[in-house]
Amino acid sequence: MLKSLLHKLNRLRLTLNGQRNFLIYCSVVVGLFGGLAAVALKFLVHFMEELSRNISSHLPYHIIYVFLPALGILLTVSWQHLINRDKMQKGIGNILINIRRNRSNIKFNNIYSHLVTSSLTVGFGGSSGLEAPIVCTGAALGSNLGQFFKLSPYEKTVLIAAGASAGIAAVFNSPIAGVLFSLEILIGEITIPTFIPLLIASATGVVVSKILYSGQLFHLVTEGWVITALPFYIVLGLLCGWVSIYVAKVGGTLEKGIFLKQNRYVRALSGGLLLGILLMVFPALFGEGYHYLQQILNGNLSVLKEETFFGAWLSDPLVMLLFIASLVLMKIVAAGITIGSGGNGGTFAPTMFTGAFLGLFVAFGVNQTGLIHLNTSNFIAVGMAGALAGVLHAPLTAIFLIAEITGGYVLFIPLMIVSAISYLIAKLYNPHNMYWHHLVHERNIHPGQDQTMLNNITLDSIVNKSFIAINSQTPLAQLYKILATTDANIFPVLTASGELEGVIWIDEIRRQIYGGDTDDVTVADIMVTPPAIIQSNDNVSAVMDLFDKLDVWQLPVVDGGRFTGFVSKSALLSKYRQIIIKQHNETDLFARD
């Protein structure tokens, strides 16, 4: 039955192969399943969070908060180790690696593993977000659908972005923000042909979310902004930029791992208990934090007093201001501990939480002076956008996400000002966002469409395996006879076992012919060591870097020590040109067949 269904699907693929809009059909499917995954994850996590809070409300000082995160992280680590066998790829950074280095292929298990592990982590109080796991799930859906239909790397990349768009859109009920997230973070460029499949997938995800789970993560009730508040929005933008640098630095460091000398289970237990202690002091750090965020948006600051040990002290405005500042700084620490000890989650939600409380800090602090009254909800909303713009280096995503959540564009000018200032400050400190920073500095993977297209070329496809092998003891006179039968301008000098000893350039032979004595001269006398040797598993972008660095046009390729052929810069550029033309044709969705 299953084989019959797969056969029919493949036959459908072959039938529609000539139609440029096949990618549109795939984007609808990806959007549908991406929306379903987002709904399932939202429902499951919110159910578990409410259950955890109900249990904790019946215990003194919410003591259960100390143990719940450790349990969730321990279960997550156990799933990854015992059931998933460490095959799950956590984080948006791994999506970028697969796009750049693995021809946009993502393993099938990532479709379901993120749903299970992130719900365990966040549902039991882990202080991280669901957005990264749902992006990874949607991306895996798109990639595996593309692999099934044997689509090109570019088409798989579009479907990966479509799945990510559907996930973000379904979580926030924000279709435009979902599209912009994928364009700014995953693809890195905005083109109409790419935009259309993403928009369709994003809209499909929102429709599914509206039908099955209409509730939003939170509701923002904002008012129009006033010109007298403009200086304070500028101040908020400056603070968002500086805090974004702090979030990227601290979060990136902690996410690499804590208690690294311990085994994974001890690390999970230790990190979970450490997080639990933080939650006892700052209960608002529990889970995503959207529950508390919704309360302060409603003007209910007293919710911050209810579950903490020193709630009575928070009646003092100065102490409350310091407490809010502490939440701004500690949320990313809690998120880093959660992920660094083995939990599964992302920094998207912690970044929004940090920005929201930073906006609250500014509005609450200014309002206490009595000089002017600032609308607290407006500053909370704009603070979220500012933090996202700075941390993700994605100002458009930040602006439109908050604009869509608020249901209008009354805050568009403050959103633009704060997001732009925050983005510029963060960009000055680090030219790459927190996802790309690690890849650029530790994996030598760079953003840019050129790099992606180069890595879509397989090295084997451009290696010239038609060569004439020369022995190092061959007399030069005999080599001249070989030259008369070929138009090659480079020759490998190989041992009897096929290992490369050196190369002979035609220019060196020419010098011998016209300027030297050829008697008793052998190949060993004129061969040279190549400036670099390429391994058969090297990626093509690294090969191009070698060509540019060494200013040469041909280099030898070896596989396991044995010479396999030469790769030329001209062949690489020719293949690159073919890829550009092919991609242009693929992206022309409205062209006639």
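Select lysine 150 to begin, in the loop between helix H6 (131–148) and helix H7, where helices (H or I, at least four residues) and strands (E, at least two) are DSSP runs numbered from the N terminus. Although lysine 150 is not a glycine, its phi is positive, at about 55°. Its relative accessibility is 70%, so lysine 150 counts as exposed; here buried means under 20% relative accessible area, exposed over 50%, and partly exposed in between, with a 1.4 Å probe and protein chains only. This is a predicted model, in which local features need pLDDT of at least 70 and side-chain atom pairs count only at pLDDT 80 or more, while totals for chains, interfaces and linings use all residues. Residues are numbered from 1 along each chain as its sequence is written, and side-chain values use heavy atoms, with hydrogens and water left out.

Next, move to alanine 170, which lies in H7 (residues 153–172). Alanine 170 counts as buried because its relative accessibility is 0%. A distance drawn from its C-alpha atom to that of tyrosine 213, 43 residues apart along the chain, comes to 9.3 Å.

From there, select leucine 212, in helix H9, which counts as exposed because its relative accessibility is 52%.

The largest pocket has a volume of about 1,200 Å³, and of the 46 residues that line it, the closest to its centre are Gly252, Glu255, Lys256, Ile339 and His438. Elements that give two or more residues to this lining include helix H10 (230–255), helix H14 (317–340) and helix H19 (434–442). On a 1 Å grid over the protein atoms alone, a pocket is an open set of points with protein on both sides within 12 Å along at least five of seven lines, a cavity is a set where a 1.4 Å probe fits but cannot get out, and lining residues have an atom within 4 Å of a point.

The structure also holds three cavities of 30 Å³ or more.

Histidine 393 is the next stop, in the loop between helix H16 and helix H17 (395–406). Histidine 393 has a positive phi of about 55° although it is not a glycine, and it counts as buried because its relative accessibility is 13%.

Finish at the open sheet of four strands, ordered S1-S6-S5-S4 with mixed pairing. Strands S1 (463–464) and S4 (534–535) stand at the edges with a single partner strand each, so one side of each is left without a neighbour in the sheet. S4 pairs with S5 (residues 554–559) in the parallel sense over two bridges, two strands being paired if DSSP finds at least two bridges between them. Select glutamine 535 last, and valine 558 in S5 stands opposite.

Key:
Grid points are joined across faces, edges and corners, and a volume is the space filled by probe spheres set on the points.
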